[in-house]
Amino acid sequence: MQLVAVGASTPQLLRTLAPRGCSSHRQHCQRNSHAASVLAIGACVSAACREQRLRLQKRNAVEDWPAGAGASVEDCGMVSMQGADPDRPKVNQDACYVAELPNGSLQAVVLDGHGKKGHVVSGALKAFLPDLIEEQLAQLANACSGDIGSALCEAFRATDSVLRQNRVGQVARASGAAALAAIVERGNKWTVHVACAGDCHSWLLEKVEGRWLGSSISQPSSCQRERERLEAAGGRVSDGVLWAGPIGVAMSRALGDLALRPFGLLSEPETWTISGGSESFLILVSDGVSDVLSPQQCADLFDAEEPQSLAEDLAEAAREGWQALEITTM
């Protein structure tokens, strides 16, 4: 199994409807585009990601924890595109990383920041979440009981105290990030454990008789689906948004958003586990992708299976897709 993670903060990943050569397409490409991050993982990962993470954790200023893609590692393609808008400055609030665990499995995470300081929260989580996950998995191995899904839940819950202790707590009160994590156990038979807090998706693409077929693994958390629990905690749900006074977020689970914890917003993710043995890709996407693209449409986009090429193709498709959506509504 290989893995591709795509992060996008706005509806993306559709092929451009206007012809590439027409003047309206050229003018719009120069005007507007939105952030897109892509992470493609092959068979193995070097120690570069761990070394970069240790350097990040030693920094004091929260601005020093950048969002975007993590360190470039062996047999892994990464692309992170910052959006552009002539009317207002844009900050890339997406973040993603991949790290190899001591037992040879992979952990991969996509973070989609939201709120005024969402990029600060996603950057901090990119620096600290890898070790939180690894620590919980180590405790699981030592205890010889429990499961990987429970370990991911504990790691996600631990982000609340870590954010507060590392001077991100102030900005994380009204800003946060949707988070999607996957643990990939590799071999002739692979197993994937997925945890989602927020509105991200994980998809499985399998090659069957020479054609890529796509299907969903996880379901994003939704205020509407969990409305009863949120309102019992004192939150107010309106048009799919959880409100606590002037602060609102369009999801029922997320990392950060600390001011909404007393009103039902959970950092604990929902979890899924799947296994297989065929040639396949695991796709991790934010709602900016899944709002406009189905798993099968994503599979139909595949025309390269080398990680870096695949990452670049998907990132470019994401940028063109957002431009296409605006062109059709102008």
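Asp239 is located in the loop that runs between strand E11 (236-238) and strand E12 (241-244); helices (H or I, at least four residues) and strands (E, at least two) are DSSP runs, numbered from the N terminus. The model is predicted, so that local features need pLDDT of at least 70 and side-chain atom pairs count only at pLDDT 80 or more, whereas totals for chains, interfaces and linings use all residues. Residues are numbered from 1 along each chain as its sequence is written, and side-chain values use heavy atoms, with hydrogens and water left out.

Although Asp239 is not a glycine, its phi is positive, at about 55°. Asp239 is exposed, its relative accessible area being 79% (buried means under 20%, exposed over 50%, partly exposed in between, with a 1.4 Å probe and protein chains only). Glu209, in the loop between strand E9 (201-208) and strand E10 (211-216), likewise has a positive phi, near 50°. Glu209 counts as exposed because its relative accessibility is 83%. Most residues other than glycine have a negative phi.

## Nonpolar cores

The largest nonpolar core has 33 residues, and Ile133, Leu137 and Phe156 have the most contacts inside it. Such a core is a set of buried Ala, Val, Leu, Ile, Met, Phe, Trp, Tyr and Cys residues joined through side-chain atoms within 4.5 Å. Two or more residues each come from strand E5 (94-100), E6, helix H3 (118-143), helix H4 (148-165), strand E7 (176-185) and strand E8 (190-197). H3 gives the largest share of this core, eleven residues.

Apart from neighbours within four places in sequence, Phe156 is in contact with Leu129, Ala179, Ala181, Ala195, Ala197, Leu255, Ser267 and Pro269, contact meaning heavy atoms within 4.5 Å. A second, separate core has 28 residues, among them Cys96, Cys200, Cys223 and Leu282.

## The largest pocket

The largest pocket has a volume of about 220 Å³. On a 1 Å grid over the protein atoms alone, a pocket is an open set of points where a 1.4 Å probe fits, with protein on both sides within 12 Å along at least five of seven lines; lining residues have an atom within 4 Å of a point. Grid points are joined across faces, edges and corners, and the volume is the space filled by probe spheres set on the points.

The lining includes Asp112, His114, Asp199, Met251 and Asp287. Strand E6 (106-114) and strand E13 (247-249) are the elements that give two or more residues to this lining, and E6 provides the largest share, three residues. By class, four lining residues are nonpolar, four polar and three charged; Ala, Val, Leu, Ile, Met, Phe, Trp, Tyr, Cys and Pro count as nonpolar, Asp, Glu, Lys and Arg as charged, and the others, Gly among them, as polar.
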